[in-house]
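Welcome! Here is a short briefing to read alongside the sequence and the 3D view.

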Amino acid sequence: MWERFGYYVLRAALILYLTQKLRMTEEFSYALFGAFASFLYLSPLAGGLLADRCLGRKWSVIFGGLFLCAGYLTLACPGKTALYAGLAAVIVGNGLFKPNMAGMLGYLYAPTDARREGGFTLFYSGTNLGAMLAALVAGAVIARLGWPALFVTAALGCALGLLIFLFFRPWEQTRQYDLKHGVSVRGVLLSLAALLCCLGGFYGLLLTPQLGDTLILVLGGAFIFHTLRQGFRYQRQVRNNVVACHLLILYVSLLWALGQQAAMSLTIFAEMNVDRQMFGHLFAPETFQAIDPLVIILFGPLLCRLWPRLQAHKRNPGVIGKFFLGTCLMGGSCFLIPLGIRQAGLDPLSAPVWLITTYVLQGLAEIIVAPAGLTMISKLIPKEMTSAMYGVWLYSLALGNLMASRLSELTTVPGKETAANTKALFAALFSDMGIGLLAVGAILLASSRVLLPMLQPAPDDGSTE
């Protein structure tokens with residue numbers, strides 16, 4: 001929760017920090033944000049491998065937390081050099097921290113335990129509590145204490161999360177699934193050297209976001225090829241599991257391309273084209289980002305109880321059904337933006353209820369899709385591959401952010417932006433995204449007859465041929 005608080009403090013206001021404080025163009029800010037967010041979720045590909053082979057999950061989480069704290073504190077320093085260095089450190093820290101926390105949770109449950117998905121749902125709801133708090137406090141911290149205080153707040157939240165991790169020692173319950181040969185001093189030193197090299201590499205790539213986009217696609221494709229090849233060492237049903245999981249994970253990236261608009265185009269939309277005066281108070285644009293995690297927190301426990309009950313009556317929609325439902329909700333949310341703009345008529349500011357409802361539907365889609373995907377991995381993938389496959393899951397977020405930044409750039413206006421000349425761009429973009437997402441949802445449903453047999457658990461996922 002607190003590690004996510006730190007990240008979402010940064011995420012909530014980064015696009016505004018780039019455009020307002022550093023005076024970067026909106027087009028370059030979208031590109032930089034997209035490259036940063038994509039690398040943020042690409043880095044777990046290496047972080048999962050590093051944990052599986054050198055550091056183990058415990059030390060990966062600890063080093064990840066330290067890099068995150070250092071990154072946020074660096075961002076508090078003035079200048080663009082501090083900006084790029086801080087973002088690079090956050091990327092490295094997230095790559096170590098995020099996949100290994102999810103990996104630990106998966107091993108707290110037996111493979112056939114029906115509570116597994118409920119556990120991931122609660123885990124997802126807890127992390128979103130941090131996201132909601134971050135969105136609520138970000139605007140107030142900026143207004144009262146300034147931008148440096150915002151990044152210090154992020155560092156303090158992450159530090160608190162790391163202290164909680166060290167106090168409760170969750171690695172003790174999953175030790176038998178961690179490195180069999182233990183963690184060596186040589187392995188730690190080599191890992192740290194590799195991490196420092198990655199830090200410098202990400203710094204350079206953030207300077208040229210367009211080059212970073214190409215690298216994201218190339219490295220991601222290479223890693224997916226590696227995990228697929230690794231999966232083909234196992235018997236037939238496990239191979240089918242690995243292939244089907246990859247296909248569905250890549251499908252989810254299309255959902256994230258819309259969901260990640262929250263920190264990009266929708267933040268600018270909230271600033272330019274939404275009447276933010278409510279209850280006698282002018283709300284900051286980033287405050288609306290608290291709605292998505294609030295929905296996840298409220299509905300997470302309900303879904304946590306609903307899925308086992310449906311499973312007991314053999315009515316659980318399964319991973320494909322949940323992905324399709326999430327697609328319908330996410331796609332449907334797109335149409336609310338142009339509807340709000342049309343309802344406003346000549347007024348350049350639409351009523352806030354349309355943006356709020358958009359976030360509500362996106363939050364519902366996320367809390368249905370994400371735990372189902374994480375459960376799919378922990379249930380079907382051999383334990384030797386789980387950290388790497390959680391990295392592939394996070395790579396879908398990298399692809400989603402990459403696509404989201406490119407889509408957001410379609411809303412930029414040459415010259416001076418006004419509320420009147422941006423609303424038509426937002427209406428066109430979100431109408432097209434809604435139509436496209438519903439179309440791919442129909443394709444998923446049509447493919448279910450092929451995918452369902454591939455998603456059956458193997459009798460022995462540890463056997464190889």
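**A first look**

Phenylalanine 167 counts as exposed, at 63% relative accessibility (buried means under 20% relative accessible area, exposed over 50%, and partly exposed in between, with a 1.4 Å probe and protein chains only). This is a predicted model, where local features need pLDDT of at least 70, side-chain atom pairs count only at pLDDT 80 or more, and totals for chains, interfaces and linings use all residues. Residues are numbered from 1 along each chain as its sequence is written, and side-chain values use heavy atoms, leaving out hydrogens and water.

**The nonpolar patch**

- Phenylalanine 167 sits in helix H5 (residues 147-168); helices are DSSP runs (H or I) of at least four residues, numbered from the N terminus.
- Together, Leu160, Ile164, Phe167 and Phe168 make a nonpolar surface patch of about 430 Å².
- Such a patch joins nonpolar side chains (Val, Leu, Ile, Met, Phe, Trp, Tyr) within 5 Å, from residues with over 30% relative accessible area and no salt bridge.

**The salt bridges**

- The whole structure holds 2 salt bridges, each a side-chain nitrogen of Lys or Arg within 4 Å of a carboxyl oxygen of Asp or Glu.
- One joins arginine 406 to aspartate 213, at 1.9 Å from N to O.
- Because arginine 406 lies in helix H14 (residues 386-408) and aspartate 213 in helix H7 (residues 209-231), this pair ties together parts 193 residues apart in sequence.
- Arginine 406 also pairs with glutamate 409, with the closest N and O atoms 2.7 Å apart.

**Burial around the network**

- Arginine 406 is partly exposed, at 30% relative accessible area.
- Aspartate 213 is buried at 8%, and glutamate 409 counts as buried at 19%.

Notes:
Helices (H or I, at least four residues) and strands (E, at least two) are DSSP runs, numbered from the N terminus. Patches are made of residues with over 30% relative accessible area and no salt bridge: like charges are joined within 9 Å, nonpolar side chains (Val, Leu, Ile, Met, Phe, Trp, Tyr) within 5 Å. Accessible areas come from the Shrake-Rupley method with a 1.4 Å probe; for residues, only the protein chains shown count as cover.
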